[in-house]
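Have the sequence and the model open, and try each task before reading its solution.

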Amino acid sequence: MFSHVTVGSNDLERAGQFYDAVLQPLGLRRRVVEPDGGPEALCWVGKSPYPRFYVYAPFDGRAAAPGNGAMLAFIAPSRDAVIEAHTAGLAAGGRDEGAPGLRPHYAPDYFGAYLRDPDGNKVHLVFRAALLT
């Protein structure tokens, strides 16, 4: 459905450290971003080249700010990966917004965690066994 999703950052090095830590347990890896005349950016992909997740310095040159009501949700391959990614994100400068655990009000097998990245963007990590079948 998506080509790519982007968030802004005021410190790409710090954002890169955070997202490398969080996304590696989910099976995503950083790829090289070729300069295209736009702002500096970082990018992560899974096994396929799309969809992509980008962190950009804002195009308009103003400070990056998190969107009110916006959230990035990443599928994890296991409960352990949710826990590992959440722990790694905290160690890499993220803030806890909800510890790993079952969220049965969403679905009986819904296991998730929530973080804020160093720029304040909300990140959700989720594993659902039902998605594997």
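Is Asp 20 buried, partly exposed or exposed? At 31% relative accessibility, Asp 20 counts as partly exposed, where buried means under 20% relative accessible area, exposed over 50% and partly exposed in between (1.4 Å probe, protein chains only).

A word on conventions before going on. This is a predicted model, in which local features need pLDDT of at least 70 and side-chain atom pairs count only at pLDDT 80 or more, while totals for chains, interfaces and linings use all residues. Residues are numbered from 1 along each chain as its sequence is written, and side-chain values use heavy atoms, with hydrogens and water left out.

**Exercise 1. Describe the setting of Asp 119.**

Step 1: Asp 119 is found in the loop between strand 7 and strand 8, and Asp 119 is buried, at 11% relative accessible area.

Step 2: List its contacts (heavy atoms within 4.5 Å). Beyond neighbours within four places in sequence, Asp 119 touches Gly 8, Ser 9, Asn 10, Asp 11, Arg 14, Ala 15 and Pro 66.

Step 3: Look for a charged partner. Among the five salt bridges of the structure is the one in which the side chains of Asp 119 and Arg 14 meet (3.4 Å, N to O). Arg 14 belongs to helix 1, so this pair ties together parts that are 105 residues apart in sequence. Arg 14 is partly exposed, with a relative accessible area of 33%.

**Exercise 2. Work out the geometry of the pair Phe 53 and Phe 74.**

Step 1: A pair of aromatic rings is described by the distance of the centres and the angle of the planes. Rings of Phe, Tyr and Trp (its six-membered ring) pair if their centres lie within 6.5 Å; planes under 30 degrees apart count as stacked, over 60 as edge-to-face and the rest as tilted.

Step 2: The structure holds seven aromatic pairs. In the pair of Phe 53 and Phe 74 the centres are 5.3 Å apart and the planes at 85°, so the pair is edge-to-face.

Step 3: Phe 53 lies in strand 4 and Phe 74 in strand 5, so the pair ties together parts 21 residues apart in sequence. Phe 53 is buried at 5% relative accessible area, and Phe 74 is buried at 11%.

Step 4: Widen the view. Phe 18, Tyr 19, Trp 44, Phe 53 and Phe 74 form one aromatic cluster.

**Exercise 3. Which residues have the most contacts inside the largest nonpolar core?**

Step 1: Such a core is a set of buried Ala, Val, Leu, Ile, Met, Phe, Trp, Tyr and Cys residues joined through side-chain atoms within 4.5 Å.

Step 2: The largest has 25 residues, and Tyr 19, Phe 53 and Leu 125 have the most contacts inside it. Helix 1 gives the largest share of this core, six residues.

How values were computed
Helix = DSSP H or I, 4+ residues; strand = E, 2+ residues; numbered from the N terminus. Salt bridge = Lys/Arg side-chain N within 4 Å of Asp/Glu carboxyl O.
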